[in-house]
Amino acid sequence: MLKMLLDASGGIVVTNDGNAILRELDLAHPAAKSMIELSRTQDEEVGDGTTSVIILAGEMLHVAEAFIDQHFHPTVICRAYNKALEDAIAVLDKIAMTIDVTDRETMLGLIKSCIGTKFTSQFGDLIADLALDATKIVGVDLGQGLREVDIKKYIKVEKVPGGQLEDSVVLKGVMINKDVIAPGKMRRKIVNPRIMLLDCPLEYKKGENQTNAELLKEEDWGLLLKLEEEYIEGLCVQILKFKPDVVITEKGLSDLACHYLSKAGVTAIRRLRKTDNNRIAKACGAVIVNRPDELQESDIGTGAGLFEVKKIGDEFFTFIIDCKDPKACTVLLRGPSKDMLNEVERNLQDAMAVARNILKNPKLVPGGGASELTVSATLKQKSSSIEGIEKWPYEAAAIAFEAIPRTLAQNCGVNVIRTMTALQGKHANGENAWIGIDGNTGAITDVKEKKIWDAYNVKAQTFKTAIESACLLLRIDDIVSGIKKKQPAGSKAPSKPQVETEGDADNEQIIPE
């Protein structure tokens with residue numbers, strides 16, 4: 001189910017992403033604030049499982065309440081929880097299966113099952129396709145079987161309202177919301193362009209602070225202007241030596257420089273964001289240059305297949321696409337409304353995070369609550385071999401893991417108790433690790449056949465974060481406020497009674513009668 005939130009600035013957020021909902025909440029309770037941090041950590045670390053981590057941590061605290069009431073010491077409970085965590089990760093390792101990253105069908109199945117609970121699951125493979133294509137493009141091999149996939153820096157999601165969601169594409173290159181400087185004089189379409197990226201202004205250098213120039217003769221004024229023109233001309237000559245087709249700079253570009261460049265048939269774009277410039281460099285193989293006199297032939301980017309400026313809606317967008325082996329890309333999202341595009345973007349970020357996790361660590365565990373049930377059944381068995389007082393909290397932690405499949409069953413609208421009993425029967429003794437719940441119908445199925453999977457990274461991170469934070473909160477035995485109470489508006493602070501001294505009497509003015 002989706003939630004509709006009104007944020008602080010009066011905007012609307014429609015989502016069911018745990019992190020997006022929780023970060024909009026304004027809470028006063030310190031323990032609740034700490035729980036919200038969990039969701040954010042999970043989102044930054046693995047990008048998925050933001051809701052699961054809160055449910056699991058909440059359930060761990062809920063089952064611990066009974067022991068606190070019976071005067072168990074929190075340290076004992078934490079010890080049992082940590083033991084349960086180690087055993088849970090060991091169970092995950094046992095049931096995890098490695099997959100082939102190059103097999104597109106398996107990868108798509110995995111990404112689809114991870115975003116199956118999201119709003120965009122109704123659009124079939126669309127989001128999974130976009131996420132997989134984008135992460136495949138920006139992946140860099142570091143050697144020794146390691147891959148680095150930086151989805152934050154090198155994948156830009158550009159949302160343009162209008163059109164249908166099916167029109168969304170992954171561009172093999174970069175798209176920026178800019179037009180050329182002189183639309184009439186400069187070309188808007190260039191095939192196989194030579195692209196030059198600059199990080200310096202192509203205009204006359206102004207003084208660092210206020211500079212006064214005293215002119216004695218009238219001709220000096222003309223000389224000053226001529227010097228400025230010659231300086232800019234010199235810059236343009238250095239640039240045109242390399243015969244570029246497109247010059248892009250992060251800083252300003254004066255009218256005079258624009259004139260020289262357009263005369264030579266060069267298209268120019270100015271005031272680009274640094275992040276966009278970095279992406280263009282990655283996509284077309286150019287090097288960003290800080291001073292025109294340091295330019296070399298190797299700094300020119302020749303990897304792009306097409307430079308084109310198109311009008312979408314009532315704005316101009318520059319496309320640098322069809323790049324050879326680009327290491328940055330843009331995902332262009334189209335859709336009917338801004339709210340919908342924002343939600344699609346959030347889902348896409350989750351999907352890309354899942355794809356990144358799998359490319360980094362290609363291991364899967366069963367989804368649909370199957371992993372949690374297997375962990376729960378195995379821990380219940382092990383609890384009988386634990387001696388001493390820690391046995392009870394350990395068993396309670398095992399029961400807490402059932403919160404995830406129980407919540408799934410509730411969301412499907414089936415009879416929760418019957419479903420859970422049937423599942424527990426199937427998972428007794430830790431077997432049938434691949435029996436779980438189908439998130440759409442609520443039926444008990446073999447998740448391997450249905451391709452309902454989860455990334456190993458996400459599951460392991462969820463368990464670790466939830467249990468460790470539950471232990472942290474259990475160890476708190478008192479809350480001390482270090483904030484002074486504010487006076488309610490309108491009520492004055494009680495003033496101290498003033499005692500007059502002799503000195504005050506001398507300062508008093510005597511009013512004449």
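Modeller: Ground rules: the model is predicted, so local features need pLDDT of at least 70 and side-chain atom pairs count only at pLDDT 80 or more, while totals for chains, interfaces and linings use all residues. Numbering starts from 1 along each chain as its sequence is written, and side-chain values use heavy atoms, with hydrogens and water left out.

Colleague: Fine. Why is D48 called buried?

Modeller: Buried means under 20% relative accessible area, with exposed over 50% and partly exposed in between (1.4 Å probe, protein chains only). D48 has a relative accessible area of 9%, so D48 is buried.

Colleague: Where does D48 sit, and what is D48 in contact with?

Modeller: D48 is in the loop between helix 2 and helix 3 (50-69); helices (H or I, at least four residues) and strands (E, at least two) are DSSP runs, numbered from the N terminus. Neighbours within four places in sequence aside, D48 has contacts (heavy atoms within 4.5 Å) with Q42, C114, K118, D350, V354 and V458.

Colleague: What makes strand 1 and strand 2 a pair?

Modeller: Two strands pair if DSSP finds at least two bridges between them. Strand 1 (residues 3-6) and strand 2 (residues 12-15) are joined by four bridges and run antiparallel, so they count as a pair. M4 has V14 as its bridge partner, and in the hairpin, with five residues between the strands, G10 takes a positive phi near 90 degrees.

Colleague: And why are strand 3 and strand 20 said to stand at the edges?

Modeller: The open sheet has three strands in the order 3-17-20, with antiparallel pairing. Strand 3 (97-98) and strand 20 (453-455) each have a single partner strand, so one side of each is left without a neighbour in the sheet. Strand 17 (residues 363-366) is joined to strand 20 by three bridges, with L364 opposite A455.

Colleague: Last one: what makes the second largest pocket a pocket, and what is its volume?

Modeller: On a 1 Å grid over the protein atoms alone, a pocket is an open set of points with protein on both sides within 12 Å along at least five of seven lines, whereas in a cavity a 1.4 Å probe fits but cannot get out. The volume, meaning the space filled by probe spheres set on the points, is about 710 Å³. Its lining (residues with an atom within 4 Å of a point) has 23 residues, with R23, D43, E44, K152 and Q349 nearest the centre. Helix 11 gives the largest share, seven residues.
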